[in-house]
Amino acid sequence: MTNGTATTTGIDARLEAHRVELTGYCYRMLGSSFEAEDAVQDTMVRAWRGFDTFEGRSSLRSWLYRIATNVCLDMLTAGNKRARPMDLTESTPLARAALSPRPDHTWLEPMPDSRVLPETADPAEAAVTKESVRLAFMAALQQLPPKQRAVLLLREVLAWKASEVAELLGTSVASVNSALQRARATLAERRQPGAEASVSDPLDEEQQKLLERYVTAFEGYDMAALTALLHEDAIMTMPPFDLWLTGPGDITGFMTTLGASCAGSRLLPVQVNGLPGFAHYKPDPEAGGFTPWAVQVLEISDGRITGFHCFLDTRRWFPLCGLPLHLEAETDEVEQGA
């Protein structure tokens, strides 16, 4: 309970200590970077206002998760669920490729690791949290009803006991166990593209070399070299467009036709969704230098790139990742924060 010596600064510090992990939780629940940050801010405001009523019957962390869960469940009552292009349409052959955008609220959004993955000294815990923000797992979560989603995350990602989850949700242990079983069954039935991606943490030597070869091939716009790096079933997506392409032929064919303006681009490494990624800047013919084009998130399996996901809303994603909105022509390196 708050006492007379508790200062506003002290309360703020205690709440802020949980911001990153709460943002990760809300992001997994909502599938949206910006909605997750809004949900956490709402959680913090509610917690700050209600701090006098917090009597320590549970830990501060558990109390914050209770508030955050309620905020997310309220936000999900409209039944909205985020998707990837392959969740909505069939793969399009290059010959019929057309760039048809859908509204922002349609799409599963990317998120920089630094905003959702709290620091931990436990390698096993770090691996679980990274895997739980990867795009394939995030897309699978969207298939679950909101309460099943919360149960799965609390039990399997955050390793809460069934009794703790039952108390948080105001239900029984039997109900929690049943919801978890149903959630597991749904995920098993609806295996998402990209679920087989295997990215070690940190990247092993083979994966690091693969990424180096990818940067060289992409910046040189060498389609033969790029083809050698892509899995035969590789997928390319480009939200907010619902188009998605399969296979090296269509992917490189797109890059040399509709995507030809990306020749001569620059890539800067970023850590997004527990996967290797790049900030993609393409040449700016008007201002000179390079202008933001996409945040790329790569999925890797068996020494090849299996997923090549380009999020094009740069005015949103680049500031979120702490990236500049312009690169000078004479430099390939900039300071980054996230």
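Buried means under 20% relative accessible area. By that cut-off, 49% of the 338 residues of the protein count as buried. The model shown in these views is predicted.

**Figure 1. Overall dimensions of the protein.** The C-alpha trace spans about 65 × 45 × 40 Å along its principal axes. The protein has 15 helices and 6 strands. A compact globule with 338 residues would have a radius of gyration near 20 Å, and the protein agrees, with 21 Å. Take contacts between residues at least 6 apart in sequence: 65% of them join residues at least 24 apart.

**Figure 2. The largest nonpolar core.** This core holds 101 residues. Y25, M29, Y214 and F308 touch the most other members. Helix α4 (residues 60-75) supplies the largest share of the core, 9 residues.

**Figure 3. Surroundings of F308.** Neighbours within four places in sequence are left aside here. F308 is in contact with Y214, F218, I235, M236 and T237, among others.

**Figure 4. Crossing of helices α10 and α11.** Helix α10 covers residues 162-169, and helix α11 covers residues 173-189. Their axes come within 8 Å and cross at roughly 105 degrees. Angles of 65 to 115 degrees count as roughly perpendicular, and α10 and α11 are therefore roughly perpendicular to each other. From α10, the contact is made by A162, S163, V165 and A166. From α11, V173, V176 and N177 take part. By class, the contact has 5 nonpolar, 2 polar and no charged residues.

Definitions and conventions
Residues numbered from 1 in each chain as written. Predicted model: local features only at pLDDT ≥ 70, side-chain atom pairs only at ≥ 80, totals over all residues. Heavy atoms only, no water. Axes fitted to C-alpha atoms, helices over the stretch in contact; angles between N-to-C directions. Helix = DSSP H or I, 4+ residues; strand = E, 2+ residues; numbered from the N terminus. Parallel < 35°, antiparallel > 145°, perpendicular 65-115°, else oblique. Contact = heavy atoms within 4.5 Å. Nonpolar A, V, L, I, M, F, W, Y, C, P; charged D, E, K, R; others polar. Core = buried A, V, L, I, M, F, W, Y, C linked by side-chain atoms within 4.5 Å. Buried < 20%, exposed > 50% of the residue type's maximum accessible area, 1.4 Å probe, protein only. Rg over C-alpha atoms; globule rule 2.2 N^0.38 Å.
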